[in-house]
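Here are my notes on this fold, written for someone meeting it for the first time. Have a look at the picture, then read along.

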Amino acid sequence: MTTERDLDLLDEALRRLSGDLGDSHVAGRAALARALCGAHPAAHGMLALHGGALRGAALFSPVFSTVRGAAGVYVSDLWVADAARGLGLGRRLLGAVGVRAGRLWRARWLTLAVYDHSTASRRFYERLGFEPQTDATVMKLGPEGFAELMRNAG
């Protein structure tokens, strides 16, 4: 993200994605700016525009796997506007994310998560060749637990 407008558009896309999924939306524009800007960005964003109109967006980050022996890319958010669905934009966005991650940190694989209730998204990813990983459980540590973990690091 290079401009204020880019950040505004990414924020808009992610808010629309949250609405589509029925999620709460906590990360506002300021949080996006902190994550995407600076010397060591925590994430990267990509926009798809057509005629100046927002059609899609992706938010992604680097990840490394000792099992795969290579860097990869984690796509935390992928959104395509209703009017652009079925036109191949999601596939093109994921491909462009792969190209950019390959250039930035030599990514060789891609991972993402799909909500159980998002059956259309799951079908889309399966058509692209994604396979569900049933041999692992995603575990999360919330802000309070994370803060406690850091306090006890010394």
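The points below go from the sheet to its helices and then to a few single residues.

1. Some ground rules before we start. This is a predicted model, so keep in mind that local features need pLDDT of at least 70, side-chain atom pairs count only at pLDDT 80 or more, and totals for chains, interfaces and linings use all residues. Residues are numbered from 1 along each chain as its sequence is written, and side-chain values use heavy atoms, with hydrogens and water left out.

2. Start with the sheet. It is open, has four strands in the order E1-E2-E3-E4, and its pairing is mixed. Strands E1 (44–50) and E4 (110–112) are at the edges with a single partner strand each, so one side of each has no neighbour in the sheet. Neighbouring strands are turned by 30 degrees against each other on average, direction ignored. On the wording: helices (H or I, at least four residues) and strands (E, at least two) are DSSP runs numbered from the N terminus, and two strands pair if DSSP finds at least two bridges between them.

3. E1 and E2 run antiparallel and are joined by seven bridges. His 50 has Ala 53 in E2 as its bridge partner. Two residues lie between the strands of this hairpin, and Gly 51 takes a positive phi near 60 degrees.

4. The next hairpin is built from E2 and E3, with four residues between them, and Gly 69 in the turn has a positive phi of about 65 degrees. Strand E2 (residues 53–65) pairs with strand E3 (residues 70–80) in the antiparallel sense, over 10 bridges. If you want to trace the pairing by eye, Pro 62 is opposite Val 73 in E3, and Val 63 is opposite Gly 72 in E3.

5. What lies across the strands? Helix H1 (residues 4–21) lies across E1, E2 and E3, and runs at about 85 degrees to E2. Axes here are lines fitted to C-alpha atoms, for helices over the stretch in contact, and angles run from 0 to 180 degrees between N-to-C directions.

6. H1 also packs on helix H2 (residues 29–36), at an angle of about 120 degrees and with the axes 10 Å apart. The two helices are therefore oblique to each other (under 35 degrees is roughly parallel, over 145 roughly antiparallel, 65 to 115 roughly perpendicular, and the rest oblique). On the H1 side, Glu 4, Leu 7, Asp 8, Leu 10, Asp 11 and Leu 14 meet Arg 29, Leu 32, Ala 33 and Leu 36 of H2; contact means heavy atoms within 4.5 Å.

7. Is His 44 buried or exposed? His 44, in strand E1, is buried at 12% relative accessible area (buried is under 20%, exposed over 50%, partly exposed in between, with a 1.4 Å probe and protein chains only). Not counting residues up to four places away in sequence, His 44 touches several others, including Leu 36, Phe 60, Arg 100 and Trp 105.

8. Met 46 is in strand E1 too, and counts as buried at 13% relative accessibility. The C-alpha atoms of Met 46 and Arg 100 are 9.4 Å from each other, although these residues are 54 residues apart along the chain.

9. Last, check Arg 106, in the loop between helix H3 (89–105) and E4. Arg 106 is exposed, with a relative accessible area of 68%. Its phi is near 60 degrees, a positive value in a residue other than glycine.
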